[in-house]
Amino acid sequence: MLEILQNNWLLFLVGQYPHGPIGGLTMTLFMALTALALCFPFAICLALARLSPYRWLRLSATAIVHTVRGLPLIMFIFWTYFFSPLIIGRAVGGVETLIIALVVYEAAYLSEIIRAGIQGLPKGQFEAASALGLGYWTTTWKIVLPQALHNMLPSMVSQFVSTIKETSLGYVISAHEMTFAASQVNNVLLTQPFEVYAILALTYFVLCFALTSLARYIERRISAGRVAVATPAVAVAV
Amino acid sequence: MIRFENVDKWYGPMQALAGVSGEVRRGEVKVLVGPSGCGKSTLIRTVTRLEAIQGGRVLVDGVDVGARGVNINRLRQRVGFVFQAYNLFPHLSAIGNITLGLTKLRKMGKAEARERALAELARVGLAAKAEEMPGKLSGGQRQRVAIARSLAMDPEVMLFDEPTSALDPEMVGEVLAAIKQLATNGMTMICVTHEMGFAREVADEVWFMERGAVVERGRPADLINSSAHPRLQRFLRTFA
Amino acid sequence: MGYIFDLRGVLSGQYFDWFMIGLAVTIALTCAAWCLAMTMGIILTLIRMIPFRPFEWFVALYVEYHRNVPLLVQIFVWYFGVPSLLPRPARQWINGHHGEFLLATIALGLAAAAYVAEDIRSGIRSIPKAQNEAARSIGLGYLGAMGYVVLPQAIRIAVPPLINQTLLLFKNTSLAMAIGVGELTYRTREVESYTFKTFEAFAVATAIYLAISFGIMACGAYAGRRLKLENA
C-alpha cells in the first residue's frame, strides 16, 4: 500500500495538474470551501425567511428547505448538470456543476443550523434590542446574527465536514476531485483496488476526523465561556 | 436498625462526611437538619449505597452495607427511599409505578399486584388517580405516589430526602400528613427536611449537621427552645 | 425556448415499468439496509455497555470511521475493494447473486448502524441518572433498572432521530447507482438517455423521492408528538 501512495501521491493531491485540470484533495477542499462560502448569504436569507412574520415568506422558505431535505444529493447534482448549461448559456464543467449543486443543497441545511442558532438565543436579547428602539435589520445584523453564528460555530464546522464528504459525489459527473482521482489510479493499477480505496478512505478519515475534533474543541470552549445554548446534533446524508 | 460508625466520605478534596456516628433504633424517627451542603442528604444516601463511603461503616439490621457479598438489591427492598424530585417513572401510570416492583421483584401475579398497589394508593389518598400518568399529576400527588411506591415493598425503614423541598407550599401539607401517619404507625424513619414544625411533632431526635459532621443532637423540644445549642439556634434564626 | 413539457412520453409503456422497477429496488435496498442497520446498531450499543475498554474503543472507531468517510467511498471500498480480498469461489458467488445489491446493502446498512448506535446512546444518556437511582432504590438490579425503566424511556426519545436516519438511508440508496444497482436514480438516467426527455424523467423521479421523503418526515413528526412524555 505504501508503494501505491509513494507512486501516486501527487495524483491524489492535485489530480492531473499540470497535465490536466487541478483535482485531487486540493480540488476537494477548494470546492467544499467555495460552496460553503457562497451558500452563506443564501443560508442566512433562508433562515431569516423561515422566522419571518410574513406568512408567504415563511411558507416559501419552509417549502424550499423541506424540498431540498427530501431529495438525494445525487438528484440535485443531475438537475444542475443538465440544466445549468441551459440557464447560464454555456457548457458547465463538472467542478462548477458540483459547486452550484452544493451551494443550493448546503444553503438549505446551513439555514437550519442558523435558524436553530437564532431561536436558541435568550428572548431577552430581542426584548432588549426592541426596548432600545433598534429596527429589525439592525437587530439582526448587529445583535442576533453575531451571537447565533458564534454559538453555532461547532455545527457549522460539522457542516463543512459534511460538505467535504459530499464533494465525493463529483465522481458521478467526472468532476476532478479526490474520489475521481482515486478511481483513475485504480483504473491504471487494476490489481489492487482495496489498497487504492483504503488510501482514499484513510485520507478522508484523517481530514474529517481532524475537523470534527476541532468542532468538538470549539464546542467545549463555547460551553465553558457562555450561557448554555443547545447545539443540535446535525446528522446529514452522505 | 441503622447504625453509622465513623462514616467518612470525600468528593475529591472536599470532605462531605466527617466521622459521623449515630444510631436509629426500630420505631424511631430521626430528623436531619442543617444548612445546604452540610452532608445530610449524602448521609442518608449512604444507607442504601447510593453513595459510597471511604471510611467507617453503615450497618442496616447488623449488616455492613459496604461489605463484599452483600445483596444490595435485597437490602434496597427492605429500605424505602423517597427522593426530593420524586423520580416517578414517567412512562408508567401511577399504579404502574407501584406494580413494577411487586411483579418483578416480589413475583406477585398481576391481579394481586394491582390490588396491593391500589391499597397503597388509597392509603395516601390517591386511589382515584391510579391510571393517571405522572406527567398529569401535581407535585404533591407525585410525591405521595412515590411514597406509596416505596411502601408497597414492605420496607422496614423509610428514608426521606427533603420530600417537600420541591413542592409548592400548598402541597407540602398533604405530603407531610402522609409521612406523619407513617410515623404514628410506628415506622422507623430518617427524614431530611427543613420543616421544623414537622420535626417538632414527629421526631424522636433531631440531628443538626454542619460541614459533614453531626454537631448537635437532642429531642426537638430541647433543641429548639434550649440555649445550650447555640449553633442550632443561629441556624434556626437565619432560616426562620 | 419552444420546449414542450410532455410527461406522456416518459410515463408510457416500458419507461413507466423502468421507473417502477427502480422504485422497487430503491425500497428493497432501503428495507434490507435498514434491517442490517438496526441489528448492527443494537449490537454496537450492547457491546458498548460492556465495561471493557477495548470494546468501547472498537465501537468508537467504528462510529468515527463511518461518520468521517464519505458514503460513496465506503461503497467503493466494499464493492471494488473487499471482493479482491476474498477467495475466488466467494467472489464468484457474489457476482452470481446480485453482487452490487448485496454489497450496496452492506455498505449502506453498516454506515447507518453507526448513526443508529449514536442515537440510541444519546437516548440512554438523556435519561436522568435519578431514574436509574429510583429504579435501583426499589431493589431492581442493573438489568432490571435498564430493561424496565431506562431503556423504555430511551427508546421513546430515540424514535424521532431514528426515523430521521431512515429518511437519510432512503436518500442514500441513490448512491448505489454508482456501482450499477438498478435503483430509481439509475433507471431515471436510463429513461432519460432513451427518450431524451431529461426534464420529464427527472421530474418524475423527483416527485417520487419527494412523496416518500415527505411521508417519512410526517411519520417522524407524528411519532415525536405521540411519544412525548411529560417529566415526572
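Visitor: Before we start, what is a salt bridge?

Guide: A salt bridge is a side-chain nitrogen of Lys or Arg within 4 Å of a carboxyl oxygen of Asp or Glu. Please note also that this model is predicted.

Visitor: How many of those are there between chain B and chain C?

Guide: There is one salt bridge between chain B and chain C. The side chains of Arg45(B) and Glu133(C) form a salt bridge, at 2.6 Å from N to O.

Visitor: And polar contacts, how many residue pairs there?

Guide: Five residue pairs are in polar contact between chain B and chain C, both residues being at pLDDT 80 or more. On the side of chain B that touches chain C, two or more residues come from each of helix H2(B), strand E6(B), helix H3(B) and helix H5(B). H2(B) gives the most, with four residues.

Visitor: How much area do chain B and chain C bury between them?

Guide: They bury about 2000 Å², with 60% of it on carbon and sulfur atoms. Chain B brings 27 residues to the contact, and chain C brings 20 residues.

Visitor: What about chain A and chain B, how far apart are they?

Guide: Chain A and chain B do not touch, and their nearest C-alpha atoms are 21 Å apart. Of the two pairs of chains that touch, chains A and C have the most contacts.

Visitor: Switching to helix H6(C), why is it described as largely enclosed?

Guide: Because 20 of its 27 residues are buried, H6(C) is largely enclosed by the rest of the structure. H6(C) covers residues 99-125 and reaches 39 Å from its first C-alpha to its last.

Visitor: Last one: in which sense do strands E1(B) and E2(B) pair?

Guide: E1(B) and E2(B) pair in the antiparallel sense over seven bridges. Arg3(B) stands opposite Glu23(B) in E2(B).

Conventions: Residues are numbered from 1 along each chain as its sequence is written. Chains are lettered from A and ligands numbered from 1 in the order in which they are written. This is a predicted model: local features need pLDDT of at least 70, side-chain atom pairs count only at pLDDT 80 or more; totals for chains, interfaces and linings use all residues. Side-chain values use heavy atoms; hydrogens and water are left out. Two strands pair if DSSP finds at least two bridges between them. Contact means heavy atoms within 4.5 Å. The expected span of a helix is 1.5 Å times one less than its number of residues. Buried means under 20% relative accessible area, exposed over 50%, partly exposed in between (1.4 Å probe, protein chains only). Buried area is the accessible area (1.4 Å probe) that two parts lose on being put together, summed over both. A polar contact is a pair of N or O atoms within 3.5 Å; within protein, one must be able to donate a hydrogen and the other to accept it, and residues adjacent in sequence count only if both atoms are side-chain atoms.
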